[in-house]
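The sequence and the structure come before the discussion.

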Amino acid sequence: MDRMLKTLLYCPLLFCQQLYGRTNAIMPSTEASLYSGADNIITLDIGSLRPVLNLNTNKLVLFHNSFYGDCQRFAPIYKGIARDLYKWRRLLQFYAVDCAQERNTELCREFNVHETPSLRFFNPDTKRKQKILGSVIPTQDPLFITAVLADLLGQYEYEANVANFRPLKNSDTAKTLFLDHQGLKNPVKFIALVLQPKDTYIGRDTLLELLPFKEVAVRIVPDAQIFTNFGLKPSNQTLAIIDRKGSAQYLAPFRIKSKDYAITVGEFLKKLNYMPDPPIPVSVAPNVNQFLDQRNQAVLAEVLKPPLKVYRADLEQAIDKLLHVELHKWFYYQVRNLEGLRLIINVLRNLNPLNKDGKTLLTNLYKSMDVYRIKGSDFKDSIDINEKPLKVFQAKRYIGCIGSRPFLRGFTCSLWTLFHHWTVEAAKPPNYFLPGKILLAIHGFVEFFLRCTDCSEHFLEMAKRRNMNAVKTYDEQILWLWEAHNEVNQRLAGDPITEDPKFPKIQFPSVKNCPTCRNNNSEWQEKEVLKYLKRIYDIKNLSFYGLPTSQGYV
Ligand SMILES: Cc1cc2nc3c(=O)[nH]c(=O)nc-3n(C[C@H](O)[C@H](O)[C@H](O)COP(=O)(O)OP(=O)(O)OC[C@H]3O[C@@H](n4cnc5c(N)ncnc54)[C@H](O)[C@@H]3O)c2cc1C
């Protein structure tokens, strides 16, 4: 682990632009969040991140995307780390920024968040170094993250009365050490001395372990000879404690481990009635019934009624999130990512179930992209300016993609739905796109815009393995996506974090929804599958449920 730490690149990034404020910077109180103060993690957004980075402490900020399964899977790990390291809170605070929220799109772009989850460490000097984007901690392994954090915390020179990781000097005495802890307000009554042999971290780690005890400071002793400066006899002892009067004694830990050192010092203090700060309280799981309010319950009941339907509201939500969140990942669009973006907007403008205003927006947007390079912020402005006089998005919630708990289904479900809708619509006259072009647009989206690293790696590998480029007809295009989606379903089936128990991942379509799609031996009947997909994803058959139908599509 030490070698890994030494070779680890902390990847400092340059902060290129000032953040600018937005009116929707405040998190609505009704918004579900993966994280809460109960787990020692504070949720930040475009309005609150910068002031927090200016705080004179260490900060660990998780940039995540609540849409995606990989971030949802990382959530219990991050919570576990934050709860475990609550004891370090005098030196380190934990935060999270959700890049799936529209108000945070500029923030996530400006902090170069191309992949999520992305952990960034900021030391207390961030205020002075405005250009720093944080040190990336490139791992999701909790032990490794903890080790990196200990390393980073131990490198910083704090004010001596906060924490002091510098080894003692040969000239140090009890008097010189307590000079750092003077003043009526300072509670430090003892200093623990820990012998730290060269290339070990036992002193640093004991200091971190003992942070919950305000009455003790820990100092690192690089050479056993220094114990004699405190009136202790030379011996093979490795841990000692001194009080303000200068009297010193060795303590005998059970083993030479920082945890045992901390227990031994803790017991010494507890005998004198000095107690540690209380640990973080056990957090209570959120009440799922609160999420399933009456309206959501009604939607869920409607959606679960057979036969399966495809809802315009979901397609609208997918396009809304694409235009306002997901397509804003880059500082610049040029060459390949611009080509990818242009193709997505072109497909969207021709194959969408939006109202007249929506079609106008997408057409104007596409026209504005006839350039060789677009700045990310200009692309966003172009959407905002074009959208302002129009009334495009009517859907207020996911319908077919509703989850029975927060963070299940939603955006990624609506994205798949949109992709299938595209392949089916592309097969109809006037055949806006050549066969294979829709898959190319999806491939481009996954390659350049899908922030879920797991998803995009798997999909791109699958596209190669399943020979996506060999697709020659519209029907093959529909079936290619169907099979690919079923492969993803199979891989994710039974995942306790991302699978909604009300919508288990199946090999689609179910026998119930399409009895003719399989023969008696349960083998797929592709002609029947094709017929079924063409029927349910056809624009003519989309359900208006969940939309203001009287005025939604004029
Ligand atoms: C390109 C892509 C790659 C992804 N990769 C990953 C990943 O690697 N790891 C991960 O955790 N999550 C991944 N996701 C998200 C994941 O696939 C699901 O979207 C998410 O778990 C929500 O699942 P769901 O139950 O709502 O159904 P979804 O799988 O999202 O499907 C949405 C709807 O499409 C219909 N449907 C299902 N299967 C088919 C099919 N074969 N053909 C036609 N229609 C179908 C059903 O009505 C279903 O409700 C990916 C998403 C996308 C868009």
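## Terms and basis

A residue is called buried when its relative accessible area is under 20%, exposed when that area is over 50%, and partly exposed in between, with a 1.4 Å probe and protein chains only. The model is predicted, and local features need pLDDT of at least 70, side-chain atom pairs count only at pLDDT 80 or more, and totals for chains, interfaces and linings use all residues. Residues are numbered from 1 along each chain as its sequence is written, and side-chain values use heavy atoms, with hydrogens and water left out.

## Salt bridges

A salt bridge is taken as a side-chain nitrogen of Lys or Arg within 4 Å of a carboxyl oxygen of Asp or Glu, and by this rule the count comes to 25.

R336 and E447 form another salt bridge, with the closest N and O atoms 3.2 Å apart. R336 belongs to helix α12 (residues 336-350) and E447 to helix α16 (residues 437-448), so this pair ties together parts that are 111 residues apart in sequence. R336 is partly exposed, with a relative accessible area of 48%, and E447 is also partly exposed, at 28%.

## A network of charges

The side chains of R466 and E483 meet in a salt bridge of 3.8 Å, N to O. This pair links distant parts of the chain, 17 residues apart, with R466 in the loop between α17 (453-465) and α18 (474-492) and E483 in helix α18. Salt bridges that share partners join E461, R465, R466, E483 and E487 into one network.

## Packing of α7 and α8

Helix α7 (residues 202-209) packs on helix α8 (residues 258-271) at an angle of about 45°, with the axes 8 Å apart; axes are lines fitted to C-alpha atoms over the stretch in contact, and angles run from 0 to 180 degrees between N-to-C directions. The contact (heavy atoms within 4.5 Å) is made by I202, D205, T206 and E209 of α7 together with S258, K259, Y261 and A262 of α8.

How values were computed:
Helix = DSSP H or I, 4+ residues; strand = E, 2+ residues; numbered from the N terminus.
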